[in-house]
Amino acid sequence: MKEYLFLFRGGHQELEHQSPEQAQLHMQKWVEWMRDLQEKGCLLNAQPLDHSGRKITGSKKIVTDGAFMEGNEMVGGYLMCKADHYDSAIEMAMSCPLLDFDSGIVEIREIKEM
C-alpha cells in the first residue's frame, strides 16, 4: 500500500456562517468519516492546523508571521492515509465532509518513499 496526504483547504467561510447546531452536525460527519477510514485500516494520522504560524524565506532566512495564503488557499488541516493506488485515495477523499461546501478543496498527494 502507498501513503497519501490529504490537504484540506477552504470551507471555513461557510462553516463560520453555520448555526452552532449545524456546526455540530458537520463536525459529527468528520468524526464518522475518520472513524470509517480507521476501521478500514486506512487512517494513519489527521489533525487540524492553527491559522497562525511562521515562515522562513530564502538564503537570508527571514522569519515572518503567517497567514501564508488568502481564503481558500490556506491549509486548514491534513490527513495521512494508506491506499492501494491513487484512485482508491481519491475515492476515500470524495466522501470528505469538507466537500459539503462549494469552497472546500481536498488536495491529494502521494507520499514518496525516500
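1. Burial is used throughout in the following sense: a residue is buried under 20% relative accessible area, exposed over 50% and partly exposed in between, with a 1.4 Å probe and protein chains only. Helices (H or I, at least four residues) and strands (E, at least two) are DSSP runs, numbered from the N terminus. In helix α3, the buried residues are A89, M92 and A93. They span an arc of only 95° around the axis, which places them on the same side of α3; the arc is that of the directions from the helix axis to the C-beta atoms. The face of α3 turned away from this buried side carries the exposed residues D87, E91 and M94. An α-helix has 3.6 residues a turn, so residues three or four places apart point the same way.

2. Basis of the model. This is a predicted model, in which local features need pLDDT of at least 70 and side-chain atom pairs count only at pLDDT 80 or more, while totals for chains, interfaces and linings use all residues. Residues are numbered from 1 along each chain as its sequence is written, and side-chain values use heavy atoms, with hydrogens and water left out.

3. Overall fold. The protein has three helices and six strands, and their order along the sequence is β-α-α-β-β-β-β-α-β. Its C-alpha atoms fill a box of roughly 45 × 45 × 20 Å, taken along the principal axes. Of its 114 residues, 27% count as buried.

4. Which residues form a nonpolar patch on the surface? The patch consists of Y86, I90 and M94, with about 280 Å² of accessible area together. Patches are made of residues with over 30% relative accessible area and no salt bridge; like charges are joined within 9 Å and nonpolar side chains (Val, Leu, Ile, Met, Phe, Trp, Tyr) within 5 Å. The areas come from the Shrake-Rupley method with a 1.4 Å probe, and for residues only the protein chains shown count as cover. I90 is located in helix α3 (residues 86–94) and is partly exposed, its relative accessible area being 33%.

5. The structure holds four aromatic pairs. Rings of Phe, Tyr and Trp (its six-membered ring) pair if their centres lie within 6.5 Å; planes under 30 degrees apart count as stacked, over 60 as edge-to-face and the rest as tilted. One of the pairs is F8 with W30, which is edge-to-face at 5.1 Å centre to centre and 85° between the planes. Because F8 lies in strand β1 (residues 2–9) and W30 in helix α2 (residues 20–39), this pair ties together parts that are 22 residues apart in sequence. F8 is buried at 8% relative accessibility, and W30 is buried at 14%. F8, W30 and W33 form one aromatic cluster.

6. Six salt bridges are found in the whole structure, each being a side-chain nitrogen of Lys or Arg within 4 Å of a carboxyl oxygen of Asp or Glu. In the bridge between K2 and E110, the closest N and O atoms are 3.9 Å apart. K2 lies in strand β1 and E110 in strand β6, so the pair ties together parts that are 108 residues apart in sequence. K2 is partly exposed at 40% relative accessible area, and E110 is partly exposed at 23%.

7. Salt-bridge network. R9, E107 and R109 are linked in a network of salt bridges. The closest N and O atoms are 2.8 Å apart between E107 and R9. Since E107 lies in strand β6 and R9 in strand β1, that pair ties together parts that are 98 residues apart in sequence. For E107 and R109, the corresponding distance is 3.2 Å. R9 counts as buried at 13% relative accessibility, whereas E107 is partly exposed at 22% and R109 is partly exposed at 47%.

8. Two loop residues. S103 is found in the loop between α3 and β6 (105–111) and counts as buried at 14% relative accessibility. A polar contact of 2.5 Å joins its side chain to that of E14. Such a contact is a pair of N or O atoms within 3.5 Å; within protein, one must be able to donate a hydrogen and the other to accept it, and residues adjacent in sequence count only if both atoms are side-chain atoms. K61 lies in the loop between β3 (54–57) and β4 (62–65). K61 has a positive phi of about 50° although it is not a glycine, and it is exposed at 57% relative accessibility.
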